[in-house]
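How do two parts of one protein chain meet, and what does the surface between them consist of? The report below looks at this question for the structure shown here.

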Amino acid sequence: MKGLIGFDIGGTNLRCGLISEEGKIIAFYTQPTGAQRGVEKLIQEIISQVKRIEKEHSEIPIAGIGIGIAGILKPIQGIVCFSPNLPGWRQIPLLKMLRQSIPYPIFIENDANLIALGEAWQGAGRGEKNFFLLTLGTGIGGGIIYQGHLWSGETSAAEIGHIKIDPYGERCLCGRRGCLETFASASWLVRRAYKHMHLGMPSILAKYPKITAKDVFTAAQRGDILACYLFQLAGWALGIGIATLCNTLGFKTVIIGGGMSNAWEEFIGSLKGTLTKELLAIDYSEVKIIKSSLGDMAGIYGACYLVKQNLD
Ligand SMILES: [Zn+2]
């Protein structure tokens, strides 16, 4: 049995796991990323984790290492072009730097892409040849699985969060207007709540000193009109985004994950309602909308599966 090492490097946490080729978790570690300490320190941290696994599981030969990072990457060249959550990460030749200390094959990929790949291997996408996945978190990430493999495109593929919903809408962090992310991400749910309350819309959220997406969810569960409206709006935008992808790719399976997916019941009705109107050739009854099943482990599974698929 060989082992696969997977990393999921986010702005907050660095997660790392050793998984067998059959998909069994052998070891799992998590620690703060410490991104503010700079690029060199984080690279050293990756190397130390690999050495730790080698030492603690010396009986398992390592087949390779997969690394997921949020941001724009050039996976084949092994370059991290830009990562919004990792300060200083601009045009970093990660593979080249790691290869000086790590003797195994190494692969890098966008973190949301790897979540999709992880779900394809061991999660909600098992047995599905073609699907796309959306992760609803602080922002919205996405991944496209085509014929069981990740669709990486020629540059950065599956920027689903930046599908345009409203050309005159709010300005997104990417600099463009009215992206899906400005309607259905956790950060925008909060921003919109503040904006509407500022304009005079009553809400029980007005009592909170500082609102989080979870507070908006709780308020919606209690029937708060503003909170319910914001989730309906998120569902509407997701319906348009998903229909656009289904109409373009001809896919019939959609997986939704990320922290916001816990508020499933608050947005799914509106999402489905919009989807029925916006689909062209595909019948609504043929579309499967599934909740992701691997949670925080999806990225590590995906990183390991990336290695497995590349080495097989
Ligand atoms: Zn955008």
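In this predicted model, the area buried between domain 1 and domain 2 is about 1,000 Å², and carbon and sulfur atoms give 63% of that area. On the side of domain 1, Asn-113, Ala-116 and Gln-309 supply 41% of the area that this domain buries against domain 2, which is more than any other three residues supply.

The two partners come from the domain assignment of the protein chain, in which domain 1 is made of 3–119 + 296–311, while domain 2 covers 128–291. Their C-alpha centres lie 27 Å apart, and where the domains touch, 11 residues of domain 1 are in contact with 17 residues of domain 2.

As for the kinds of interaction across this interface, the rule finds 0 salt bridges between domain 1 and domain 2, whereas it finds 2 residue pairs in polar contact, both at pLDDT 80 or more.

On domain 1, the elements β8 (106–110), α3 (111–122) and α9 (298–311) each supply at least two residues of the side that touches domain 2. Among these elements, α3 gives the most to that side of domain 1, with 6 residues.

The table sorts the side of domain 1 that touches domain 2 by residue class.

| Class | Residues on the side of domain 1 that touches domain 2 |
|---|---|
| Nonpolar | 6 residues |
| Polar | 3 residues |

Technical notes:
Residues numbered from 1 in each chain as written. Predicted model: local features only at pLDDT ≥ 70, side-chain atom pairs only at ≥ 80, totals over all residues. Heavy atoms only, no water. Domains from an automatic or database assignment. Contact = heavy atoms within 4.5 Å. Buried area = accessible area lost by both parts, 1.4 Å probe. Salt bridge = Lys/Arg side-chain N within 4 Å of Asp/Glu carboxyl O. Polar contact = N/O pair within 3.5 Å; in protein donor to acceptor, adjacent residues only side chain to side chain. Helix = DSSP H or I, 4+ residues; strand = E, 2+ residues; numbered from the N terminus. Nonpolar A, V, L, I, M, F, W, Y, C, P; charged D, E, K, R; others polar.
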